[in-house]
Amino acid sequence: MSTVEQQLDDLKAEITSELPTDISVSSVKYEGPELVVYTRDPKKFAQQGDLIRKLASKLRKRITVRPDPSVLSRPDEAREQIMNVIPEEAGVTDLDFHADTGEVVIEAEKPGMVIGRHGSTLRDITKSVGWTPEVVRTPPIESSTVSNVRSFLKQERDERRDILEKVGRQIHREEMSDDEYVRITTLGCCREVGRASFILSTSETRILIDCGDKPGAEGEVPYLHAPEALGAGPQTIDAVVLTHAHLDHSALIPLLFKYGYDGPIYCTEPTRDLMGLLTLDYLDVAAKEGRAPPYESEQVREAIKHCIPLEYGDVTDIAPDVKLTFHNAGHILGSAVSHFHIGDGLYNVCFSGDIHYEDTRLFNGATNDFPRVETLVLESTYGGRNDYQTDQQDSEAKLKEVITETYERGGKVVIPAFAVGRSQEIMLVLEQAMRSGDIPEMPVHLDGMIWEATAIHTTYPEYLRDDLRDRIFHDDENPFLAEEFNHIDAGEEERQEVADGEPCIILSTSGMVTGGPIMSWLGHLGPDPDSTLVFVGYQAQGTLGRRIQNGWDEIPTSEVGAMGSSGNGRGTLSLNMNVETVDGFSGHADRAGLENFVKTMNPRPEKVLCVHGDERSTQDLSSALYHDYNMRTFAPKNLETFRFL
Ligand SMILES: [Zn+2]
């Protein structure tokens, strides 16, 4: 008998001994990090309100209870009873029964009403029908990504269970090594922005954190073939952890599956959906630009199939000697500060991912409160000594001023923006400014994936700032449903109409002007001296956005590929529109924010690796933290390995 089988047998005996004698356990299984307990008495289980919680804390495991398939009531009978239990205002839109696991997935407009106070309605459902309910939100704005991911996972349900069972066995395998060490190897994003990737290794386990591309430098990928990474074979990686969905962190995650990795990806649920959206678009853009994509859409599906979603605050076993906990990072939807607890109190490492320290319109500020942290790996995008951002209110004032001036000239405002994050932030600013009369009411056109990304935001309001979440819960106040917002969904013809029409605001991807519909808008409006191009986000070295910001006004049409027809015939496009930069909308903490994150961090780490910033930013931040807080700090290069224990 394998050790995992033995372990499960022991657990079954232990659980049985903890339960009242009239509740039986038919089997126990690992599914990913969870322990699944099958019982022939699900209704009695549900009557003992606190039982699952008590078992979980006794066994120090995440526990799910499911009915043994032999005792399930028929779905058509169960459906009627379930609908009687759930209040009508919950707005149930779908019930999906899975007899193989005894689960019923309930899709509802107001999931909170299906869950009930402390899960009381969920327990009532099980008490009444025996099935184990699982609740998901019906997106208030229809999202093809969310519905595609959900139906794909439903279709792949059997294979997914096999994957989870295999992952469960990996996590709970016997520890093999008596050595104790903790190392971090840098595979990218050191003294540069882009291609974020790290290996966290112990004597027992290797974990890959992020795997991104480098905007403006396709082909510069993380050093995945280093001996510490895939060099030893893709099967030697235990887990992949994705801090957030931006492509400089996620673009090459699907590539891992092409290289033969077939283990889990831990991320939040919105990160999974956004990664699907952004990586598929990444393939699309590569194809349009005639570049060979590094992988196919098949690998994106593989990646999604292998995602194990975790919520903020869930302490989760991801290897025999590693527990992972995600915390809000304040950067984009679902972004997570990732905390690793290694060994039994041996060592703690925290990867900030990208963070925003203060509250923004969209998110609460990053969490920096942990049980223990010895080493922090900290982003340094704005770590340079002069990288102070304009105060948010001043930024908003400047944006409104630029918009009003352009409007009065009869021009149009074009804002290149990341689909995810800054777009929604700007939408909130514009919605409020029009409501309060700070700027004239005018259409706001959303091009590229911005509309879809916005729909995903409204599907996961619990990841948004408290007051925004409350507004979305009350449909009539959902700011993203304001009538000014128009989704550009009819392509070039609609763009031409907008370009020829009345003053308006256009929000379009890509955020660094490296492709996508923004190229077409430059073609249409670039020659118009009344219009304004407004940068609201970071423009990386080597991108067209950075060059325009630096004063480039003759753009070779070869740069812009699919641009509109307004070139002057000599192979260049004259950029006559005004160019403005409004700082302060960044999803990244500025220098003060990064210092405050460390200064107020509880507990304060002993060592900090400053990464994810250019050479100057990482070195400036590293030396400032050393001087101010007397901690050991580093600005590593790529391919360095640090041993911490
Ligand atoms: Zn990011």
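Reply: In the protein chain, the mean positions of the 63 positive and 108 negative charges lie 5 Å apart, where Lys and Arg count as positive and Asp and Glu as negative, with His and the chain ends not counted, and where each charge is placed at NZ of Lys, CZ of Arg, CG of Asp or CD of Glu. This is a predicted model, in which local features need pLDDT of at least 70 and side-chain atom pairs count only at pLDDT 80 or more, while totals for chains, interfaces and linings use all residues. Residues are numbered from 1 along each chain as its sequence is written, and side-chain values use heavy atoms, with hydrogens and water left out.

As for the overall build, the radius of gyration of the protein chain, taken over C-alpha atoms, is 26 Å, which agrees with the value near 26 Å that a compact globule of 645 residues would have under the rule of 2.2 Å times the number of residues to the power 0.38. Buried residues, meaning those under 20% relative accessible area with a 1.4 Å probe and protein chains only, make up 58% of the 645 residues. The secondary structure comes to 22 helices and 28 strands, assigned as DSSP runs of at least four residues for helices (H or I) and at least two for strands (E), numbered from the N terminus.

Turning to the rings, the structure holds 12 aromatic pairs, a pair being rings of Phe, Tyr or Trp (its six-membered ring) with centres within 6.5 Å, called stacked if the planes are under 30 degrees apart, edge-to-face if over 60 and tilted otherwise. Phe198 and Phe351 form a tilted pair, because their ring centres are 5.4 Å apart and their planes stand at 55 degrees. This pair links distant parts of the chain, with Phe198 in strand E8 (residues 197-202) and Phe351 in strand E16 (residues 347-351), 153 residues apart. Phe198 is buried at a relative accessible area of 4%, and Phe351 is also buried, at 2%.

Tyr312 and Tyr463 are edge-to-face, since their centres are 5.0 Å apart and their planes are at 65 degrees. Tyr312 lies in the loop between strands E12 (307-309) and E13 (316-319) and Tyr463 in the loop between helices H15 (450-459) and H16 (466-473), so the pair ties together parts 151 residues apart in sequence. Tyr463 is buried at 10%, whereas Tyr312, at 25%, is partly exposed, the class between buried and exposed (over 50%). Ring pairs also link Tyr347, Phe634, Phe642 and Phe644 into a cluster.
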